[in-house]
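Look through the structure below with its side chains displayed.

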Amino acid sequence: MIGDIHQRVTRSSVNSLAFFSHSAYVASFEPRDVSHALFDPNWVNAMHEELENFERNHVWDLVKPPPNCRPIGIKWVFKNKQGEDGMVVWNKARLVAQDFCQKEGIDYEETFAPVARLEAIRILLAFAASKGFKLQQMDVNSAFLNGFIEEEVYVRQPPGFESARFSDRVYKLRKALYGLKQAPRAWYARLKSFLLKSGFVMGSVDKTLFLLSRGGDTLIVRIYVDDIIFGGSSHALVSSFAKQMSREFEMSLIGELQFFLGLQIKQGLEGTFVHQAKYTRDILKKFNMGDSKPMTTPISTNTALDADEDGEAVDQKEFRGMIGSLLYLTATRPNIQFVVCLCARYQASPRTYLKFTPELGLWYSSGSSLSLRGFSDADHAGCQIDRKSTSGTCQLLGTSLVSWSSHKQASVSLSTTKRVHSCR
């Protein structure tokens, strides 16, 4: 046992400290395992904080294991939280259940929980910009620990913090634990119940959208697991909601929406700009492309690529990592949608274009209307292998681009006529 879990060195807020100052409170490395973390006081402090969250939320009880009990293992997961500038601002130690040990019908039943789509988040950003809302964000501290579970689940004692007196005992869970299969569903059920009791109305189609109308003013709340975006036409209504949430749940962040799911968001009087400059630089560094030759355009739409059967083989794991990283970058970069999908199809890598344009993104004007428009187009037999066509679509909320796609059609086109569709 590394000390008493109720005694720790209080860690000062690092957001307002200079680099040389906050480095004394935050470790810059991520431990390989718990034995590595126990040698650093900052990570020990972070683990104490996690265990204190368990105590405050009454997550579990230390009990004697019942007959035929097969407790689920738990492990520590360590992650450095970075700010928009890439500086480490927080050491997060989290206890995670090893869900591969769970058995359906015994340890869990239902697991599904709705999650907001990126298209829905972009629509909210465009809508808020059009209406002049200033969007806020909040992060619930250890959100999953607030969700109640119905099943009888036992877990082992946390590694490095086993009780010396009761080493043979296990923890019986009252609430959900990160890693449990039913944890996201339990947290969503708790939050949904609270919002509905507070007078919100849940979206009929999108179950992560909640609306509150009061005296002619409107408050919009969007949920993405434990991250919450909210904004409204009344500052008093927004402030009241933030205080209400703080009384019900422990918050680790409440402030203006700036950095969300890797998206950098700048809200101004004239509109909102969304980009992924930091993410772009990170993936260039990750795949050693920082010295690649810049290009002004990703690829010509009339470029014909086919499979290179005689070429040198590439590392499949690294290649798939590149494609996955680029696919997430298309969340704010519709200009690379076509070439990324082409790379995924033909195993080619557009490794030079991103270095030239890391700051590109989406602009949502405050003067935009809310009329919905959509466009689609397709080439003819663009694929050199199977002669299938590639379709492209885009949807705009006024002048704000909120959704787009580029994909190869499932069947072979027999007509040479090119059609452009527009719908309202």
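How many residues apart in helix 7 are lysine 278 and aspartate 282? They are four residues apart in helix 7 (residues 277-286), and so are separated by about one helical turn. The model is a predicted one, in which local features need pLDDT of at least 70 and side-chain atom pairs count only at pLDDT 80 or more, while totals for chains, interfaces and linings use all residues. Residues are numbered from 1 along each chain as its sequence is written, and side-chain values use heavy atoms, with hydrogens and water left out. Helices (H or I, at least four residues) and strands (E, at least two) are DSSP runs numbered from the N terminus.

Lysine 278 and aspartate 282 are joined by a salt bridge, 2.9 Å from N to O. The term stands for a side-chain nitrogen of Lys or Arg within 4 Å of a carboxyl oxygen of Asp or Glu. Lysine 278 is buried at 10% relative accessible area, whereas aspartate 282 is partly exposed at 35%; buried means under 20%, exposed over 50%, and partly exposed in between, with a 1.4 Å probe and protein chains only. An α-helix has 3.6 residues a turn, so residues three or four places apart point the same way.

The structure holds 10 salt bridges. One of them links glutamate 52 to arginine 56, with the closest N and O atoms 3.9 Å apart. These two residues are also four apart, here in helix 3, and so about one helical turn separates them. Glutamate 52 is buried, with a relative accessible area of 12%, but arginine 56 is partly exposed at 43%. Glu250 joins Glu52 and Arg56 in a network of salt bridges. Another bridge, between glutamate 152 and lysine 172, has its closest N and O atoms 4.0 Å apart. Because glutamate 152 sits in the loop between strand 4 and strand 5 and lysine 172 in strand 6, this pair ties together parts that are 20 residues apart in sequence.

Now follow helix 3 itself. Of its 16 residues, 13 are buried, so the helix is largely enclosed by the rest of the structure. Aspartate 40 caps the N-terminal end of helix 3, placing a side-chain oxygen 2.9 Å from the backbone nitrogen of asparagine 42. Just after the helix, histidine 58 has a positive phi of about 50°.

Rings of Phe, Tyr and Trp (its six-membered ring) pair if their centres lie within 6.5 Å; planes under 30 degrees apart count as stacked, over 60 as edge-to-face and the rest as tilted. There are 13 aromatic pairs in the structure. The ring centres of tryptophan 43 and phenylalanine 78 are 5.4 Å apart and their planes stand at 80°, so this pair is edge-to-face. Tryptophan 43 belongs to helix 3 (residues 41-56) and phenylalanine 78 to strand 2 (residues 74-82), so the contact ties together parts 35 residues apart in sequence. Both residues are buried. Trp43 and Phe78 form one aromatic cluster with Trp76 and Phe161.

Phenylalanine 144 and tyrosine 178 are stacked, at 4.4 Å centre to centre with 15° between the planes. Phenylalanine 144 is buried, with a relative accessible area of 8%, and tyrosine 178 is buried at 8%.

Key
A polar contact is a pair of N or O atoms within 3.5 Å; within protein, one must be able to donate a hydrogen and the other to accept it, and residues adjacent in sequence count only if both atoms are side-chain atoms.
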